[in-house]
Each structure stands twice: as structure tokens, then as C-alpha cells.
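Let's walk through this structure together, step by step. Keep the sequence and the 3D view side by side as you read.

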Amino acid sequence: MQTYYIVTMGCQMNENDSEKIAGMLEMEGYTKAANIENTDILVINTCSIRENANNRFFGNLGSFKTIKKEKPDMILAVCGCMMQQEEIVDIIRNKYRYVDIIFGTHNLYKFPQLLNERINGKKPVYEIIKDTSVIHEEIPIKHEYNHKAYVSITFGCDNFCTYCIVPYTRGREKSRTSENILNEVKSLANKGCKEIMLLGQNVNSYGKGLNEDIDFSKLLRRLNEIDGIQRIRFMTSHPKDLSDKMIDAIEECDKVCKNIHLPLQSGSNSILKAMNRKYTKEHYLSLIDKLRDKIPDITISTDIIVGFPSETEEDFMHTLDVVEKVKYDSAFTFIYSPRNGTIAAKMPYEISESTLKDRFDRLIKLQHGIMADLSEKYVGTVQEVLTDGFSKTDKNMLCGRTRSNKLVNFLGNSREGDIVNVLINNATPFHLKGEMLK
Ligand code: 5AD
Ligand code: SF4
């Protein structure tokens, strides 16, 4: 039997795309290889959000050459966000000729066809489509887990934050119809799925451009009615579009986890303006107040960029101030990385490496202290945990997530997909430990 192996870099959207690639390959009769060395088809799904993602890909391409030398018949396909950038495709065409297939984010659905062209032809197959308004609903999906699944609700992004490459690699924002989403979730529920994670670059603007009376809050309410589904998560929310209606829906829908990912990016109004984020520090903080007024136990996570062009010490202090005030349950912190083709990449840059490092370290230190305090509060409580399987760090323990999205390692005998109660007896900033209650 012919096999495939997929390496996925980047975000959940890419993971969902890889599940579609797996779905299409299984439909063609391929099965998943046990490891990368023994595969007939190797697919690399790339990410271009920051420079280090690009570097990692090119670093890996070297090692894939070795595998390809040992197994010349193996087909090496590269796809994903990086392939939507012409200069990257040019480099691969010229310098990495052992790559058999290149495709992008907009023609994912064509992979089986491109694969057949490569198998039946002598030349590599390269096909990139610029942008499309078509959503391909027919692509089969092979979900990684049975008990939880990603469900994309929008594709692309129209926000054009000045630092971000996504609007260029993923194209214009498009929403799936509510009927297609509801059907997918019902079918998942029928197969035993308990948790869904709704995905979109900006879920709050879901429904824009659709020919139906729908928005994200209505979608949440409809999904909340589906039997079998017990947890609904969603990401990412853009602060500029977080409406009262949506906060009400999060509060009122019992299956919707009281947890929101609300990227701050910066706490400084002048930097937010230069980033084209379309909200101020004050507005952002008022949203946090509103969320906590309505839903006191809501957990909040964020993304923060350090060292955007022209960021001063004073700007950075505003970021620390927001972090201090909000007390995020978790924060993804990034050093600004100029991306070719974005507006910010043309802005003059004068922040030194040492200043960057100093700011980044101070932010991390503050955030880790906050997370340590917040985690500590869980000790002695009983949490509902959806079991994911054995812990990756400690094979004697199981792991799973609370409704608040905290990672828990625990002793017990539950199986993947079981929802159990766990008594928390230990906490670190990043995860909790506990024992399953019988
Ligand atoms: N440099 C650093 N971080 C970035 N992000 C997006 N683009 C860049 C960039 N050029 C971060 C943002 C976004 C997250 C997914 O990645 O914080 O929310
Ligand atoms: Fe990028 Fe901004 Fe769109 Fe998020 S909202 S994907 S940061 S452009």
C-alpha cells in the first residue's frame, strides 16, 4: 500500500488544511506512513507568518533532500502560505529542483490531480493560483482526533494589519454558508465528536458577504443546539469587531467555552494606529471590562508583537500596562518580523537587537508571573477535563484541557474523548496536574 506523511508548520488553519490533504490522499487509496523516512509521498505545508518560519522550511528542505536521495521515487510536495509568495516559488524552482510538486492555499483541492500529473509525467508540477472567491466544500477531511475537530468558518482576511502577510497569502475574506458549517458539525457529532474549534482569521466578522441573515453570534446559537457537541471554541476574535451581541451569545450558550483569544498586538495607541488595528488601548480595555462584567470566569489569551517599527520605550510601557491590567491566562509573544510586500516592511527600523531582547524578556517575565499566580488559583479545585490521551511530557499521565483551555496532566484511567472530573493538586505557569475523581 502506498503511504503519505505530512509535515505541518504554522497555525490551526494550516493544520486544518493538512487534514484536508490527508482526506484527499486517503480517498485516493494512500495510508498514513508510520514515519517520515518510510513514506511514498511527503507533503510539507508551510507557514510564512514570520521570518523564522521561512528559515525553518528552507533548513528542512535540505534534510528532505537526503531522504529523497535515499528514496528517489518518493514524491516531495510543498504547499501552504509560503508558496503564495512568488519569490519563494522562484527560489525553489531554481535551487531545489528535487521538489516534485508546488501548490498553494487556493488550489489545495487540486492536489490529487497534480499528484497524478507528476506520477504520470517526467517533469515537476508547479501550480499556484492568485486568489479565488470559491470555497471548495467537497474536500474530504481526515480529522486527527475523533473527539475534537477544527471547523473552518471563514477563509482569508481583509484587515490588512500592516505587519501581516496573511491577507496576501490567504486572500480575501470568505465565509462558508451556515448550512455547510452546521452539516459538518452535525456529521462530526454523529461520529462521536465532542468539541469543535471554529477557525477563522477574524471569526467576529463571520457572515460578511453571505446571502443569508447570519452573523457569528447567530452561528454560535445554532451550533449550541447540536446534540452530542459539548464544547464549542473559536478563534481568532478581532477586538474591533467584538460586539455586545457576540458577548451575549458567549455568555448564554452553555456549550460555548468561556474563553476568548483576543489579540492585543500592542498597548500603544500610536503603534496600534501604525499597525492599522482600528482600536485604541482604551477601547480594548473597555472590551475586557465588558467581557468580565458579563462572564466573570472568562479566561483570556492574546498575541503581542514586540518591536514594531518606531516602538519607543513609552509605547512598550503601554503594552506592559495592558498586560498588567488584563492578566492574561496565556499570551503568545512575538518579536516583529518584517514580511516582504507588507506596508510595515517599508517603514524605517531603528530598534537595536539589545533593546528588542530587553523588551521581550521583560514582557515574558511579567506574563509568566501572572500565569503562575492564575494557575495557583486552580489548586484544590475540581475541573472538567476532556481527555486527549497520554501526556507527551510524562507517559504515565493522561492529559486534556479544562473548559477554560488550561492543559492538565493527570493520573486516572479515562480514555481519549472521555470527559472526567479532575482534582487539581499542583500548578505551573503552563499546566496543571491532578488526579481523576472516580
Ligand atoms: N511579525 C511578528 N508577529 C507577527 N504576527 C503576525 N505577523 C507578524 C509579524 N510580521 C503575529 C500576530 C498575530 C499572530 C498570529 O502572529 O501577533 O496575531
Ligand atoms: Fe493578519 Fe490582522 Fe488579518 Fe490577523 S486580522 S490575519 S493579524 S491581517
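Isoleucine 260 has isoleucine 300, in β13, as its bridge partner. Strands here are DSSP runs of E with at least two residues, helices are runs of H or I with at least four, and both are numbered from the N terminus. β12 and β13 (residues 299-306) run parallel and share 3 bridges; two strands count as paired if DSSP finds at least two bridges between them. Step back, and you find an open sheet of 3 strands, ordered β12-β13-β14, with parallel pairing. Its edges are β12 (259-261) and β14 (330-335), each of which pairs on one side only.

A note on the numbers: this is a predicted model, where local features need pLDDT of at least 70 and side-chain atom pairs pLDDT 80 or more, while totals for chains, interfaces and linings use all residues. Residues are numbered from 1 along each chain as written, chains are lettered from A and ligands numbered from 1 in the order written, and side-chain values use heavy atoms, without hydrogens and water.

Now turn to ligand 2. Its surroundings, meaning residues with a heavy atom within 4 Å of it, include Cys157, Phe160, His238 and Arg277. By class, this shell holds 7 nonpolar, 3 polar and 1 charged residues. Here Ala, Val, Leu, Ile, Met, Phe, Trp, Tyr, Cys and Pro count as nonpolar, Asp, Glu, Lys and Arg as charged, and the others, Gly among them, as polar.
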